[in-house]
Amino acid sequence: RLDMSSRANLRECTLDELRAIAGGEASSGYTECGPVALDSNGSRSATASWHTRGHAVNFQPVSVFPEPGLITWNDDATVMIERAPSGAYVEEWRLVSGSRDTLSVTHAEGTITYRAGSVAVFVRDRAMPIPRLARLDELLDEYADDRSMIEALLDCEFSVAEVNDGKWIIMASTLPWREGKVLDVDMA
């Protein structure tokens with residue numbers, strides 16, 4: 001994505017930068033896995049469906065890949081491969097060191113913080129509802145003449161933080177200027 005390190009908020013972004021932010025993907029919710037199957041090579045797999053609509057926060061109002069995922073994983077469960085049945089995508093997920101602890105979830109003033117060990121994800125939904133279900137780039141085109149609406153559509157935060165020298169430092173975020181900053185929520 002574009003370098004937005006000189007920005008402090010959505011108001012300071014150019015339209016091109018806002019379009020780059022609109023291309024992001026993030027959601028919270030829960031995953032439901034079917035039975036684990038064992039193939040002739042001894043590999044385990046399961047079919048996973050994600051439930052986000054009505055259950056959590058979605059950065060994109062509409063998922064680009066709404067189909068279930070076919071999940072396989074290695075023996076120590078540090079690498080998981082997700083494949084779309086249609087062949088539309090393959091994703092490789094790696095366990096972040098220090099994140100095997102029990103998940104804790106904290107709700108506070110319109111935010112949710114998920115924490116497992118030394119990794120946390122901070123989620124803050126938009127203050128306004130999405131006017132209709134569509135991808136953000138489509139909504140930005142629709143509201144091209146309404147800068148305040150564009151900013152409201154993109155004002156949704158997913159920030160991933162890790163502990164560094166006793167502080168929670170944001171490593172990745174849907175709001176790029178937050179990266180490198182201290183996560184300012186209670187992680188107790």
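**Salt bridges**

So, let's start with Glu157 and Arg124: their side chains meet in a salt bridge, 3.9 Å from N to O. By salt bridge I mean a side-chain nitrogen of Lys or Arg within 4 Å of a carboxyl oxygen of Asp or Glu. Glu157 lies in strand S10, residues 157–164, and Arg124 in strand S9, so this pair ties together parts that are 33 residues apart in sequence. Helices (H or I, at least four residues) and strands (E, at least two) are DSSP runs, numbered from the N terminus.

Before I go on: this is a predicted model, so local features need pLDDT of at least 70 and side-chain atom pairs count only at pLDDT 80 or more, while totals for chains, interfaces and linings use all residues. Residues are numbered from 1 along each chain as its sequence is written, and side-chain values use heavy atoms, with hydrogens and water left out.

Back to Glu157: buried or exposed? Buried, at 4% relative accessibility. The cut-offs are under 20% relative accessible area for buried, over 50% for exposed, and partly exposed in between, with a 1.4 Å probe and protein chains only. Glu157 and Arg124 also belong to a salt-bridge network with Asp155 and Arg178.

Next, Arg135 and Glu25, bridged at 2.5 Å, N to O. Those two sit 110 residues apart, Arg135 in the loop between S9 and H2, Glu25 in the loop between H1 and strand S1. Glu25 is partly exposed, at 46%.

Then there's Asp141 with Arg19, 2.9 Å from N to O. That one links helix H2 to helix H1, across 122 residues. Asp141 is partly exposed at 49%, and so is Arg19, at 32%.

Overall, the count comes to 12 salt bridges.
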